[in-house]
Amino acid sequence: MDQALHPLTRPGARSSPQRGGRAARWPLIAVGGVVILPIAVGLWWTLLPAFGHLPAVAGSGVASSPWREVFAYPGLWTAAWLSAFTGVAATVLSLALSIGFCAVVHGRLGFRRAEAMLAPILASPHAAIAIGFAFVIAPSGWIARLVSPWLTGWSTPPDLATVGDPLGLALIVALMIKEVPFLLLMILAALNQVPVDAHMKAARSLGYGRGIAWIKVILPQIYPQIRLPILAVLVFSLSVVDMALILGPDNPPTLAVLALRWLLAPDVTSYLPGAAAAVLLLAIGLFAIGLWLVAERIAAHVGRFWISRGGRGVASEPGLRLAGAGVALVFAFAALSMLATGLWSFATAWRYPGALPVDWTLATWSAQLPMLGRPAWMTLSLGLVTTLVGLLMVIGWLENEGSNSDRMKRASLRLMYIPLLVPQIAFLFGVQVLLVRLGIDGSFFAVAWTHLIFVVPYLFLSLADPWRALDPRYARSAAALGASPGRILLTVKLPMLLRPLLTAAAVGFSASVAQYLPTLFAGGGRIPTLTTEAVALASGADRRVVGVYAFAQSFMPLLVYVAALLLPLYLFRNRRAL
Amino acid sequence: MRSNRKSQMELGLKGVRISVGDRELIPPLDLAIPAGEAVTVMGPSGSGKSTLLAFISGTLDPAFAAVGRICFGGQDITAVRPENRGIGVLFQDDLMFPHLSVGGNLAFGLPSQIRGKARRRGVVEDALADAGLAGFFDRDPATLSGGQRARATLLRTLLANPRALLLDEPFSKLDVALRGDFRRFVFEHAAARDLPVLLVTHDESDADAAGGRVLTLSATSGIVQARRPRPKVRLGAAAQAN
């Protein structure tokens, strides 16, 4: 009887009712081929030119000349320092504010409501936020106009470097506008996995204040789950290009911008130092990650001592409230930034130091409409195509992970974080080399592919938890009723998961809309999107025109978010449990 | 709801053994459940009762290692896909699909061979009426009481025309008054269809209500002991232990 081995346990035929027989391999191949492979090839094809090897373009063989050229650049060390400083500062401040905010508002903010509140900022592309923020803080910006001349006495814009300041402070604050909401969302999602209320009650009954109880009891439990998001924020912040172009210092710029200048120069020989600078940024990114992990250990050690000392921390509550106020300030900046782009786009004229435009008009919009059409259409179609293809890949992945062990699930999460943990510029030039060799650079397909590298992880991060949280007995019930795996997926799982599916789609769509570098490199200038146009216009053009592009760029993903929030309300209006 | 189709088939477990890692959950088990009998497997939580049912219904997690065969009549169904086994399962929770109406849930179980929107709706309406749920077709399952949802779930299972019924503590979450009613409801329907039933529970009174043989699963020694069937009034004429 022993030889009647159940087929479910036969090696290589791992199975579950959800996939009725065997695990399909295509999702693994699709994610590997579409997401991971281009990163690996891209890194390789950035590394080679960094050492002088770019056959048929700028020379072959190994040479150290690209590095000599990079190190001979006068502001190189300032640029490298700026990248590291702005990245680390934005990450530390964003994390501190997010933690303080969560400690203060604990129990007063549900996940769904928070998600809806954060949606507008999460939906807004980085470039649009940066443009709006520049409109707000510039010497001739909205804030200066609001307090002039009655408070400041300025009747002309003051001579202050509030945008492009040499320390990159404007860039740091703009990064925080995007990263604080992201970290808040990640923390709130992690909180769902911990018995927060019971532990808070226990700690508070021992005499701990609300905020300090959260930090001493809850934070250590959720930190492992927000570690990867924090590292993603760190790498993104120190390698960001579009925001640094708009708000960062100019001479020297951050290392990422410096690398981009070389890589986009008309002279092909400058590709080599550009690739070397990109590799240098990769090294800085890896070093920063390593440093963060060491700091984590130290913080854990100190933290254990601090917690075991038993201080009830009543005195630290004001500090936490300060962090809460900081988050409120960040949100206020976000709201002003988004509003500013809209106001400018509808302004007839907005003379300094008037607090509001002189009058309103649709003239800028109608004048820009002919030029706006193609980028808007490209943005929309890229977003829709990549979101749909990405959803198919991610659903296939999750559907086939069925009953994998927790270790496998953690491994797949790490895999999905790879695109977010490698500085974009460190592999996108190499991806362009790959696309040129395949003869598909500058095509819609190529741009969609590079967008997918980033859309897939965001879809996965957004969908994995709700997907895995769905009670597997629903699928088992359906199977016992005679439903095939395909029917279970279509008629039970997907409808029950409609809300998280639509949210994930909105997240994926806005990730696509926000992509600047991938569009630039893979599109080769032939696939304009609202983002590339907005960034290109940001430095010089009329604020009203820039406002049109930035506003359109924020508005499109926001509409998708709103639809994602409202559609389930309508579809499930008679379903109380959903 | 009444079906004249008597399955007349025996659900058999032959040399079934389930373990996870080094731990043996189900020691070698041979069991034949004739049509109409409701056999109970008793055991504390964590003893592997539900795992046994998952194996029989074909939804065992690959983390478990299982050996042995499951047979219907003489036919080995161990390798048959879960959806083709024709084995109905009731879980501890009702698991009504929240996105479908009550009628939509029941129609989900109804075989697709029954065609035509009106005809399918008619069959479901009849089943609901028989169970005292007339007029519930378009209701949101979330608006039903616990007892109503439990009954609707059994109806959903029976509409799929199962050849056997597995009960995974479906009574444990109902309060005492409801429990007796729902138990009677389940065993009467199972007996009327002459289904072999396997119930797992840790509640003695469930086993009494089932009326068939009782096996006890011990978490420590893992021994399965068969208790003799109790001489008591059986539900349904066909309930016969061999």
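Over all chains of this predicted model, the structure holds 19 salt bridges. Side chains of opposite charge can pair when their charged atoms come close.

| Salt bridge | Closest N to O distance |
|---|---|
| R183(B) and D206(B) | 2.4 Å |
| D93(B) and R473(A) | 2.6 Å |

**Pairs within a chain**

R227(A) counts as partly exposed because its relative accessibility is 29%, whereas E296(A), at 15%, counts as buried.

R183(B) is buried, with a relative accessible area of 12%, and D206(B) counts as buried at 1% relative accessibility. Elsewhere, salt bridges that share partners join D471(A), R473(A), D93(B) and K173(B) into one network.

**The interface of the two chains**

Chain B and chain A bury about 3,400 Å² between them, 62% of it on carbon and sulfur atoms, and within chain B the residues E83(B), H99(B) and F108(B) lose the most area to chain A, together 21% of what that side buries. The contact draws 45 residues from chain B and 37 residues from chain A. Across this interface the rule finds 1 salt bridge, in which D93(B) pairs with R473(A), while the count of residue pairs in polar contact is 6. The elements of chain B that give two or more residues to the side touching chain A are β1 (11–20), α1 (49–57), β4 (65–72), β6 (87–90), α2 (102–109) and α4 (146–159), with the largest share, 5 residues, coming from β4(B). By class, that side of chain B has 21 nonpolar, 12 polar and 12 charged residues.

G88(B), placed in strand β6 of chain B, counts as buried because its relative accessibility is 1%. Leaving aside neighbours within four places in sequence, G88(B) is in contact with A480(A) as well as with T157(B), P162(B), A164(B), L165(B) and L166(B). The C-alpha atoms of G88(B) and A160(B), 72 residues apart along the chain, are separated by 7.8 Å.

**Cores and buried elements**

The largest nonpolar core has 236 residues, and those with the most contacts inside it are W214(A), I425(A), L52(B), I56(B) and L198(B). Among the residues that W214(A) touches, beyond those up to four places away in sequence, are I99(A), H106(A), I187(A), M200(A) and I222(A). A second, separate core of 34 residues includes L159(B), L167(B), V186(B) and A210(B).

Chain B contains 6 helices and 10 strands, and buried residues make up 54% of its 242 residues. In chain A, helix α22 (residues 530–538) has L530(A), T531(A), T532(A), A534(A) and V535(A) buried, and their cover includes α5 (126–137), α14 (363–401) and α23 (543–571) of chain A.

Notes:
Residues numbered from 1 in each chain as written. Chains lettered and ligands numbered in written order. Predicted model: local features only at pLDDT ≥ 70, side-chain atom pairs only at ≥ 80, totals over all residues. Heavy atoms only, no water. Contact = heavy atoms within 4.5 Å. Buried area = accessible area lost by both parts, 1.4 Å probe. Salt bridge = Lys/Arg side-chain N within 4 Å of Asp/Glu carboxyl O. Polar contact = N/O pair within 3.5 Å; in protein donor to acceptor, adjacent residues only side chain to side chain. Helix = DSSP H or I, 4+ residues; strand = E, 2+ residues; numbered from the N terminus. Nonpolar A, V, L, I, M, F, W, Y, C, P; charged D, E, K, R; others polar. Core = buried A, V, L, I, M, F, W, Y, C linked by side-chain atoms within 4.5 Å. Buried < 20%, exposed > 50% of the residue type's maximum accessible area, 1.4 Å probe, protein only.
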